[in-house]
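I opened this model to look up its ligand sites, its metal sites and one annotation from a record. My entries follow in the order in which I worked.

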Amino acid sequence: QDVTLDVFYAFPAFAKFHEPIAQEFMKAHPKIKINFRAPAASYDEGHQTMLRQSVTNQLPDVYYSGFHLLSELVEALDKRKQIVDLGPMLAAEPEAWRKVNYSDALLSLGQANGKQSGLAFNASTPLMYYNAELVKKAGGDPDKMPDNWAALVALAKAIRAGATDVAGMAYNIHDWPDDWLWRGMILQGGATLLDDSGKKVGFGGAYGEKALQTLRSFVTEAGMPLIDWDQSRQQFIAGKIGIFFDTPARLRQVTDLIGDRFTLKTALFPIDDKAKGKLPTGGNAALITAKDPAKQKAAWEFIKFVTGPEAQKIVVETAGYMPTNLRAGSDEFLGPFYKANPNFRTINGQVDRAAPWQGYPGNNSVRIWRTQREVINSVMRGETAPKAGIERIVSETEALMK
Amino acid sequence: MTAVAQGAARSRRRRWIEQATGLGFALPALALLFLTILLPLAVLLYLSMTNYEFGAISADWVGLANFQKALGDPIIRRSVVNTLVYVAVVVPGGVFGALLIAILVHGRRRTRSFYEVIYFLPVTSTLIAMATVWQFLLHPALGPVNAVLRSLGFGQIAFLSEPTTALPTLAVIGIWQLLGFNMILFLAGLSAIPRDLYEAAEIDGASNPIDRFLTITWPLLGPTTMFVIVTTMITAFKIFDTVAVMTRGGPMGTTEVLLYNIYLEGFQYFHTGYAAALTFIFLAFILVFSVAQTFTLDKKVHY
Amino acid sequence: MHGQAENRDMATVGLQSIAKSFGATKVLGGVDLSIADGEFLTLVGPSGCGKSTLIRIIAGLETQDSGSVAIGGLGVDHMRPHERRVAMVFQSYALYPHMSVRSNIAVPLTMSRMTMRQRLPLVRLMSRSRREIMRGIDADVAAVAAQLQLEHLLDRRPAQLSGGQRQRVALGRAMVRNPDVFLMDEPLSNLDAKLRVHMRTELAELHKRLGVTFIYVTHDQIEAMTMSDRVAMMDAGEILQLGKPSELYDLPASIKVAQFIGSPAINLLPATVGPGGRVELFGRPLARAVEEPAGSAVTLGIRAEALSIGQADPGHGARASFSARLRRKENLGSEFILHFDLAGPDASGVTMRATPASAALVQESSEVTLTFDEGLCHVFNSAGRRLEARDGSSRNTIVSLKAWP
Amino acid sequence: MHGQAENRDMATVGLQSIAKSFGATKVLGGVDLSIADGEFLTLVGPSGCGKSTLIRIIAGLETQDSGSVAIGGLGVDHMRPHERRVAMVFQSYALYPHMSVRSNIAVPLTMSRMTMRQRLPLVRLMSRSRREIMRGIDADVAAVAAQLQLEHLLDRRPAQLSGGQRQRVALGRAMVRNPDVFLMDEPLSNLDAKLRVHMRTELAELHKRLGVTFIYVTHDQIEAMTMSDRVAMMDAGEILQLGKPSELYDLPASIKVAQFIGSPAINLLPATVGPGGRVELFGRPLARAVEEPAGSAVTLGIRAEALSIGQADPGHGARASFSARLRRKENLGSEFILHFDLAGPDASGVTMRATPASAALVQESSEVTLTFDEGLCHVFNSAGRRLEARDGSSRNTIVSLKAWP
Amino acid sequence: MAETALPSGAAARPVPAGAMAARLLSLVAVHAVLVAGAVFMLLPFVWMLITSVKPPAEIFTAQISLWPKNFYGVENYTFALSQAPLLRFALNGLILCFGILAVQLLVAIPCAYALAKLNFPGRNVVFVLVLLGLCIPVQVPAMPLYIALAELGLLNTYFSMMAPFFLSVFAIFLLRQFFRSFPDDIIHAARLDGVSEFEIVWRIVTPSAWPAIAAFSVFSAVAHWNDLYWPLIVISDAKMAPPPLGMMFFADAETGSNYGALTAAATVLTAPLVIAFLIARRRFIDGVTMTGVK
Ligand SMILES: Nc1ncnc2c1ncn2[C@@H]1O[C@H](COP(=O)(O)OP(=O)(O)OP(=O)(O)O)[C@@H](O)[C@H]1O
Ligand SMILES: Nc1ncnc2c1ncn2[C@@H]1O[C@H](COP(=O)(O)OP(=O)(O)OP(=O)(O)O)[C@@H](O)[C@H]1O
Ligand SMILES: [Mg+2]
Ligand SMILES: [Mg+2]
């Protein structure tokens, strides 16, 4: 008989792809009705809502959890047996089907607490946006952007020198709400968040010092303004910043806001360690919290659909996220779109580097980032030397990891 | 003898009726107060003595450890200082600015409604939209405020991103939000002042605006002013929204205020027990402030 | 700021066709009045006739719809109330509720004697001269408080005072000042007779000492008669008669004035004009003749004190008489008011003043003959205007008194 | 709720040693008073003596510190104001500022005639009986408004009224009611003489019609003398004398009462007691003898109307005389007040009432002989108490009047 | 710079040049202050309105322009109105605001009157509790209240959105201040007239506090119209959501806000509040002046 699924997601604006996907799904599965709950304002608030509802047993059937909160949520829900392990369900599907749709890297994004807790729905790795005119004016080649940080800073310096009141680049790590960009800086160089013991940070010492030096050089060399990331993006959109780093999810919006003021292009995130370099993955994974077996089954159908190529096509076209389905990029689905909008295709080149979200031990991740961020900000402002800075970051982080 | 006793009993009846009326009128409020404030506070008090983490199934009793920890936490201390700075800017600005505007607006005839609406507009705003707007207005390179500063020969200022200016900027935005509402309270207070007192003052020579203000307006506005000061102070102590939306405590913790830290502890770090203890410290702090202020002012403003 | 005020040495007050309406309610209908410097003018009139409105217009608290006010010969219409240099006692007192009696009375002095700087809070603490001025003000306040018998109440707030005490504070606030014109709106209405007598002399003294103009509203006939140089009787926003107090009493211009002035009110008897202009009362002709066509109806006004009991006494001018029945005696202590029913078909009655001794001579329900001095009675035509006697022989008392030594 | 109230058919009011202080200020010092059912009692006394406080205690608005109040023989200390079934006119009017005159007057009727349900907004629209009651109320309001001459003001708010009009509304709000006791605190103080006379009769009629008890505060001697069954003279929170109006005037118990009652105030002359208890004025013995040791100082009180000009006239009781110089004549219209300076070293003066005619006979600054009827004067001892004449021969007027036919 | 509307300022009178100049000067000074303040207050709204009619490409530009080259208002507003059920949210807001305000006034007015004018044991305690209530941030009682409502099965109802706000300590405190200044004699007169204490509150005292009640009403309406925090805790059905959720559909931290639609939605959802204010503001002007007592 008919099943109604309660689906809960964060960011009301995501209605722009959730709604059409649900329409498509219901067309394909007439017996399953999708009912969206009032969306949460943010991942954090969605997370709090889930925790609250787990206490009162009001959980939805499907929830899209931010990657950075996934393991905490799964841990909490596991205690009350309120989350469904997707591993067996996935295993029950034909192996071939699994292989065509999901890579291991993609599957790993949804793993937490050692099991397949969810399937990645939205995913993003940091993307380079740039102003082709400014790059050209500075003597760079808009079609072949630097693939390492030293060259990038040099180009940014040239952009800054080439025009008044234009900043060479902006990498808004100093006030990013989470450590996504910081992880980007760490992972791209082949370092890890934690060392092998899992008890110490993996980016201390010379590596970290160099990373901080690079960050400082953004300001000193490239004239990066130390302002709010929204303001920074606005400035980029106004044509006053040469190179800008942001999530691909905003590609659609940035493109619209620029209009034909200048030529927006995107490029791969510079990677200093081409072999080991990884990139942090933001976004969310769909998970099942339904209790009723019939609903669980319907929910699994739903999750398969939303992570399927038709749904991902909608997501990519409306936002710019990295597709989380291997087939989505094919000609059958996104091919024509990518051809028309090459900027959107760029992110696909980073899928292989997408690393799952790894937490610090001790549930203090947010506080650790707030502490680190203060030091990073202070280094970028030139108030703290990079060496002293990384020492502080390491010691304070490790203190909070207990 | 019995007559005396009877008389006493009867007067007691009258007093009893009076007191019962008073209590009866306060009762619905008291019941709601109990249900929506006191009971939750009791739960919170219990939590503050545990190490409960949000979403957890169980918690351990830790006694006063959370309170001890809070008193020694440097981040909390910093946020107390930030909060006090914010309060110190917003209260005088929000109260006396509103008083000035209210008095000026009250004297207008034709333009009165025009100004009232304009000054009231910020009260109606939702932070969701306004945060974006403020960020653009204060944008160092694109915003009109800095355009004006530049044209006046000052350099541009990254109001929300400089550690030295971020908190004062939030305070100014706080005043912007509060001013209109306080103005309306003052306007309500002004319309309750009997007109013949102004007439008497005018005859007595208290004719210029300052004299009129000092002789009539200020003293008779006392109850309103007291209310506005106390509520503005409490509102300022509770500063949270603008921080959460516009600076998230940054840059470099310069806008981390007490309530934002409690929010971080409770809803970001999920240290519910610790956050509860912080909440109690916060409550004790502003309650003492406001009760002391209220009861000392109360004697002065009523005749 | 007071430049203009200082030039004006004479505090005459001139009102030129002052009109005022509140919405549709016409309150003043073109009042003309000119008051001499140093004059004590009393406004009387029925409740709601516009007295308060008029003095509020003079003070500048209300704006007239048309007409103009001049003080000291200068138009003051453009001046704010304080620039007109008037002191006022409000009918509603308008005390400052948050100030002690002392401060209430001191306000006008503080305003006039201290500079802005000395009045400012905090700043004033630094002013040395301030203390001296304060001492002067305190002395003046104490003096006025003594006149008003308020010495022991100086530290109270208005809410802690009785009605009469509040009124005295309101009066004190005006009395401490040294304005060009005093405007007082029923300043003694809530005081007891003894205190009122005391305050009358205090006000009279103030008037003499300062020599300034007083405009005074009262419902008390004794106040109006004893304090004023002139009395203006108002009704429905018009001045009906303006003159010396005795003129209003003895030579009322109209029946309305005669009725309003004097307590108990004047007795009005219907009469007709007979041949030769002779007035006929109850069909019997009197000695008085008026310039009215024979047969027209007139009204005879006889003051309560003009009546007496007993037969006409030919030795003392022309006396007429009619008979009446005593309905009720009213003992006022010092005298009696006797209420008579008239014997005729006309149901109305007359009142008469009598000493206790003469009142004792009549009994209730007894029929007596009342006589009155024709020289002391007034004849009003049907329009209510008082008619002069036709021949000089029987003029009114006041006139004859003036002719005496 | 009114069970007790309905049982009480008699609205006597009994006060038993009522005392009241505001903080350190003692206002009432143990007042005992018992007022008969249907009596009209007037409270008089100097400003601030506690009159308003006393009636506020009777109404239950203020709580006495000690003592008890009974209405209709039942203690009402436990009752809240409205249970005491009293109507009150406040000295400060206390009008409802947001209601029209009509609604102000209608409030007490609405409260007593309508049920809670009928008064509720919205609900009342559905009540059919309500309209009928409303019509009754409107009629009553209209009737009272007519008595008060307020008909044309019924739709105004208090702020749009003149002082006297406000007072009448306050009066009207009490008059529409049908309480056991009326408490009126200077209800006519802001009305003109004519209207006051009118209101006096209206109140007298109301009193007669309802037959309820009135407690009335006034500063107006005429009101006190003419309306009251008894007058209580208060001073400093005590009742100095309680009696018929004429008793207070003619037989004042003490110098304070004598001074307070009567206008102009009684003349007080220093005198001594000579041999045989004979009172000596300016060294000359009078006929009057009192029970005081010889040589003690007494005060002679002579009413202004007891004095007359000219030689002693032996035909009319014992008359004494002294000489004085006319300082000032005061014309009150109906009579004159003559102010004399005494010839002796004693600087004080005396006042005398005179008819216009006799006033015309003396000139200012002229020396005259004043005579007075010894039977009409009072002797007070040094403590201020009035002394009875030793022999029955020369009792006071009132007594002798009583003996007359 | 007249701070009260004294009648002296009537324009019709002939005024000497000196006084005229002085008055004009002070008038200019007053308006200068007011206009300067008004610019500060208005600036964000001007930008909001301009943005709501701009095409995306003109929103962030280096040159500040007050009017778009390309008028895009129709698109933004239709987009805002069609993408989110703004009118439905506005209706929810209306229900919430009226429901909350009605109960708030019903509860707060008698309590404020009792605190201001009646003597009862524990009056100061109640007053301190009121102050305590003022100090408490909304987040504090949220969890216990949420659990209680869940236990009662009341989640997802209008009632659950309103219940925590039925008590407004703010209103109690504000009205207490106003009631305190109400003349005792008028209350006494009412008691003598047989007006019950209950009716004294509603018929006699409340009309005198209209300015304060109107001020509070706009405050309450604004606060609950704009509240998203609590409704999203107890509501999971988007059909019951309050107005700000309408804006959240366009304010997006994750994929980037749609500024044109966001400001259009903000404009649409602010308008009712401005209208409510315009209605309520009449009450600030004709406050009942206390002429009832002498
Ligand atoms: N709240 C108060 N605090 C202190 N003293 C007060 C208070 N209320 C009244 N008094 C004092 O009590 C005394 C009696 O006041 P009350 O109002 O009874 O006088 P009253 O006889 O009515 O006078 P009046 O004729 O002037 O109205 C006065 O001296 C007054 O100053
Ligand atoms: N604001 C107003 N709106 C309408 N009518 C008013 C207003 N103020 C006063 N009036 C009316 O104007 C008339 C004159 O009022 P005013 O106060 O001058 O009377 P008054 O002569 O002082 O009377 P009283 O002796 O009773 O004080 C009254 O009839 C009054 O009702
Ligand atoms: Mg008047
Ligand atoms: Mg009194």
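**Ligand 1**

I began with the make-up of the shell around ligand 1, whose residues divide into four nonpolar, twelve polar and three charged. I note here that the model is predicted.

Next I asked which residues come nearest to ligand 1. Of the 19 around it, these are C:Arg156, C:Ser162, C:Gly164, D:Ser52 and D:Thr53. Chains C and D both supply residues around ligand 1, so I logged the site as shared between chains.

From chain D, a backbone N or O atom of D:Lys51 lies 2.7 Å from an oxygen atom of the ligand. The side chain of D:Gln91 places an N or O atom 2.8 Å from a ligand oxygen. On its own, ligand 1 has 640 Å² of accessible area, and the protein covers 89% of that. Two elements give two or more residues to the shell of ligand 1: helix H6 (163-175) of chain C and H2 of chain D.

**Ligand 2**

For the contacts, I found an N or O atom in the side chain of D:Arg156 at 2.5 Å from an oxygen atom of ligand 2. D:Ser162 has a polar side-chain atom 2.6 Å from a ligand oxygen. D:Gly163 uses a backbone N or O atom, which lies 3.3 Å from an oxygen atom of ligand 2. The protein covers 89% of the 640 Å² of accessible area that ligand 2 has on its own.

**Magnesium ions**

Which protein atoms are donors to the magnesium ion listed as ligand 3? I found C:Ser52 (OG) and C:Gln91 (OE1), at 1.9 to 2.2 Å from the ion. C:Ser52 is in helix H2 of chain C and C:Gln91 in the loop between strand S6 (86-89) and helix H3 (101-113), so the pair ties together parts 39 residues apart in sequence. Both C:Ser52 and C:Gln91 are buried.

D:Ser52 sits in helix H2 (residues 51-59) of chain D, and D:Gln91 in the loop between strand S6 (86-89) and helix H3 (101-113) of that chain, 39 residues apart.

**Chain B annotation**

Last, I checked the record for chain B. The unreviewed UniProt entry annotates "transmembrane region" at residues 20-47, 84-105, 117-137, 170-193, 213-237 and 274-297. I looked at two of these spans in the model. Residues 170-193 of chain B are 92% helix and 0% strand, with end C-alpha atoms 34 Å apart. Residues 213-237 of chain B are 96% helix and 0% strand, and their end C-alpha atoms lie 29 Å apart.

Definitions and conventions: Residues are numbered from 1 along each chain as its sequence is written. Chains are lettered from A and ligands numbered from 1 in the order in which they are written. This is a predicted model: local features need pLDDT of at least 70, side-chain atom pairs count only at pLDDT 80 or more; totals for chains, interfaces and linings use all residues. Side-chain values use heavy atoms; hydrogens and water are left out. UniProt positions are given in the numbering used here, feature names are shortened, and annotations may be inferred rather than shown by experiment. Helices (H or I, at least four residues) and strands (E, at least two) are DSSP runs, numbered from the N terminus. A polar contact is a pair of N or O atoms within 3.5 Å; within protein, one must be able to donate a hydrogen and the other to accept it, and residues adjacent in sequence count only if both atoms are side-chain atoms. Accessible areas come from the Shrake-Rupley method with a 1.4 Å probe; for residues, only the protein chains shown count as cover. Donors are N, O and S atoms within 2.8 Å of the metal (3.2 Å for Na, K and Ca); water is not among the atoms, so sites may look incomplete. Buried means under 20% relative accessible area, exposed over 50%, partly exposed in between (1.4 Å probe, protein chains only). A residue is near a molecule or strand if one of its heavy atoms lies within 4 Å of it. Ala, Val, Leu, Ile, Met, Phe, Trp, Tyr, Cys and Pro count as nonpolar, Asp, Glu, Lys and Arg as charged, and the others, Gly among them, as polar.
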